[in-house]
Amino acid sequence: MAAVIGVPTTIDLGNFATGEVPDQLIYGFNDYLDQPIDLDGAAVAFNILDCATGMQAAGAGTVDVFDGPNGQIRYTWVAADFDTPGMFRAQFVATKGGNTYKSDVIRFYVYPAVDYVAP
């Protein structure tokens, strides 16, 4: 039987209230030998898919190469990423030298915040 290589996994980030801003998300790309892929000079993106509507867009925050030689890229969330309740999937994309790399699927759920205003 042949080995299956590169089967994506789903990374579940959990649940977030609308308007919440979690810590930065750092993802590392490795090759099939589990060695880092050098991403110095790579073009990077972070795409978010709304599972209910099928609409896909770039994240509202910033994405950059965090540690290129070690294959790490980073996304800095903003409140606008969490302004609509629902289930979302996201994926990092890095392009360098004619190669395109896509991360595992990242899943998160946004629920309506319970905002209490004191009388």
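In which loop does Asp34 lie? Asp34 is placed in the loop between E2 and E3, where helices (H or I, at least four residues) and strands (E, at least two) are DSSP runs numbered from the N terminus. The model is a predicted one, in which local features need pLDDT of at least 70 and side-chain atom pairs count only at pLDDT 80 or more, whereas totals for chains, interfaces and linings use all residues. Residues are numbered from 1 along each chain as its sequence is written, and side-chain values use heavy atoms, with hydrogens and water left out.

The phi angle of Asp34 is near 65°, a positive value in a residue other than glycine. Asp34 counts as exposed because its relative accessibility is 55%; buried denotes under 20% relative accessible area, exposed over 50%, and partly exposed the range in between (1.4 Å probe, protein chains only).

Strands E2, E6 and E5 form an open sheet of three strands in the order E2-E6-E5, with antiparallel pairing; two strands pair if DSSP finds at least two bridges between them. E2 and E5 are the edge strands, each pairing on one side only. The twist averages 25° from one strand to the next, with axes taken as lines fitted to C-alpha atoms (for helices over the stretch in contact) and angles running from 0 to 180 degrees between N-to-C directions. E2 is joined to E6 by four bridges in an antiparallel arrangement, and Tyr27 stands opposite Ile73 in E6. Between E5 (residues 62-67) and E6, which also run antiparallel, there are five bridges. The hairpin of E5 and E6 has four residues between the strands, and Gly71 in this hairpin takes a positive phi near 70°.

Within strand E6 lies Arg74, and Asp64 stands opposite this residue. Arg74 is buried, with a relative accessible area of 18%. Its side chain makes a polar contact with the side chain of Asp64 at 2.7 Å. A polar contact is a pair of N or O atoms within 3.5 Å; within protein, one must be able to donate a hydrogen and the other to accept it, and residues adjacent in sequence count only if both atoms are side-chain atoms. Not counting residues up to four places away in sequence, Arg74 touches Gln24, Leu25, Ile26, Thr62, Val63, Asp64, Phe66 and Phe92, contact meaning heavy atoms within 4.5 Å.

Eight bridges connect E3 and E7 in the antiparallel sense, with Ile48 opposite Ala90 in E7. E7 and E9 are likewise antiparallel and are joined by five bridges; here Phe88 stands opposite Phe108 in E9. Four bridges link E7 to strand E8 (residues 99-102), again antiparallel, and Val93 faces Lys102 in E8. In the hairpin of E7 and E8, with two residues between the strands, Gly97 has a positive phi near 55°.

The largest nonpolar core comprises 20 residues, and those with the most contacts inside it are Phe29, Phe46, Trp77, Phe92 and Phe108. Strands E2 (25-28), E3 (43-50), E6 (72-76), E7 (86-96) and E9 (105-111) each give two or more residues to this core, and E7 gives the most, with four. Such a core is a set of buried Ala, Val, Leu, Ile, Met, Phe, Trp, Tyr and Cys residues joined through side-chain atoms within 4.5 Å. Leaving aside neighbours within four places in sequence, the residues in contact with Phe29 include Pro36, Ile37, Leu39, Ile73, Phe92 and Tyr101.
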